[in-house]
Amino acid sequence: MKWKITGQFLIFMVLSLLLSFFVFLVINVFLLYSNYGKQDHFLPYQNPSYYTLDFETHIRFENGKITIPDSMLAELEQGDIWIQVLDENGTEIYSRFKPEKAPVHYTPADLIHYHKFTGALENSTIFVGKLKRGNRDLSYIMGFPEGVIGKGSINYRPETLIRDILFIILTVVLVVTFIALFFGYFFSNRLAKPLVQIINGIQNLAKGHFQTEYKPKGIYKNVFQNLNELSSSLKSNEDERRKLEKTREEWVTNITHDIKTPLASIKGYSELIQEYELEEIEKKRYLDIILEKSDYIAHLIEDLNITYKLKSTSFPLNKNDEDLVEVVRESIIQILNHPLYEESHLEFKPEIDKYSFCCDRTLIQRALMNLIYNAIVHNPQETIIQIAVQKQQEHVYILIEDNGIGIANEELEELFTRYYRGTNTGETHKGSGLGLAIAKQIVEAHGGEIVVESTLGKGTRICIVF
């Protein structure tokens, strides 16, 4: 496998370099010929020689006086270009923007010298043009900044030009091929070895072997890091799966116990009512206990049913346009109407009067009541629980905040996990372990999310965002 990868890489590298060379050659030839003879007044540096020749049309000679339109002078000034107009003897008769030390008279040798060599005249690259006006044979010099425009010359023999070009191209191709093979071998060798490790690592992950850790190094350093992270993530997921499975088994045991206990009460009190003559008051008390235990079992079964329905994406929601503020208010009223919670300190402080929201009213109330019940039963009786509804830009927030005992960080992470029961859950309100998980599922089914912040000894803040 290693040599197969090496060979493929060498072939790819050689072909890539050769193709790049020819593309570079073609592009340069195209640009050379596409710009040949063209002049763009907005880009005077693109073709300075043709810009100079074309500028002759803007130089006017009337009554022995040289004039240039203001618009062209502004263009010269913007491009940091200077101009001199010379008479037949090479003496300056007009200039604009020229350097201070530029000559006012030029011999033919001066013009050839300055024209040929970049920077020979006051750090400028100059171009010379002819200016025929009437019977006058004038000339003009245009100086471009040396830092922008430079010059060079190529000497060649016409009779051997094609042979020399072909020789240069062949030499370049051979050199490029040799360099590609030379460096490609070493690079491909370095590439192939870690690639084999990566492939083997992926195969190990596919087989469920997550223990191998690779040392991040070389050009595949990030790949090895990601491979280690993936391995760690898969191992963590596997551990989490096993932990969830263990939690589920413990939960089934607890639920079984939770059902068996009220069933035993139901059975015992039913037998008492059936076998003994009881007074009406005592009989009613036993019937109330039977009803209470039956409701408890029904609630457990309902929690199981709804959590697995919500887990399915095909579960239909009975959505209608509802006033979310009113939904929250009714949820609080229902809680306060319950005999066990009528003394709870619930404060409703909506910051908006009304908010239209498309939702399943029953499920949203179920989620809200689960969250508020959780705040009531897991805190001291004097705890104050504040519920608010806020709107900010495109989002609406339902806040449930208490000044109770708070939640430990390790429990905060498991708060919405199915089957989880906190350490502060007592016998009187241990529940099914599904209430908060159901609330989270309902909120997410409506496109929202729940964020919980808590500090031990200070209280808990739950934020529902839609």
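**Exercise 1.** How do the residues lining the largest cavity divide into nonpolar, polar and charged?

*Solution.* Quick ground rules: this is a predicted model, where local features need pLDDT of at least 70, side-chain atom pairs count only at pLDDT 80 or more, and totals for chains, interfaces and linings use all residues. Numbering starts from 1 along each chain as its sequence is written, and side-chain values use heavy atoms, with hydrogens and water left out.

Step 1: grab the lining, meaning residues with an atom within 4 Å of a point of the cavity, itself a set of points on a 1 Å grid where a 1.4 Å probe fits but cannot get out. That gives Gly201, Asn204, Leu205, His209, Thr212, Tyr214, Leu227 and Ser231.

Step 2: sort them. The tally is three nonpolar, five polar and no charged.

Step 3: The space comes to about 40 Å³, and H5 gives the largest share of the lining, three residues. Helices here are DSSP runs of H or I with at least four residues, numbered from the N terminus.

**Exercise 2.** Work out the lining of the second largest cavity.

*Solution.* Step 1: the residues are Ile364, Ala367, Leu368, Ile398, Val443, Ile464 and Phe466.

Step 1: by class, that makes seven nonpolar, no polar and no charged.

Step 2: helix H9 (residues 361-377) contributes the most, three residues, around a space of about 30 Å³.

Terms used. 1 Å grid on protein atoms, 1.4 Å probe; cavity = no way out; pocket = protein on both sides within 12 Å on 5 of 7 lines; lining within 4 Å. Points joined across faces, edges and corners; volume = space filled by probe spheres on them. Helix = DSSP H or I, 4+ residues; strand = E, 2+ residues; numbered from the N terminus. Nonpolar A, V, L, I, M, F, W, Y, C, P; charged D, E, K, R; others polar.
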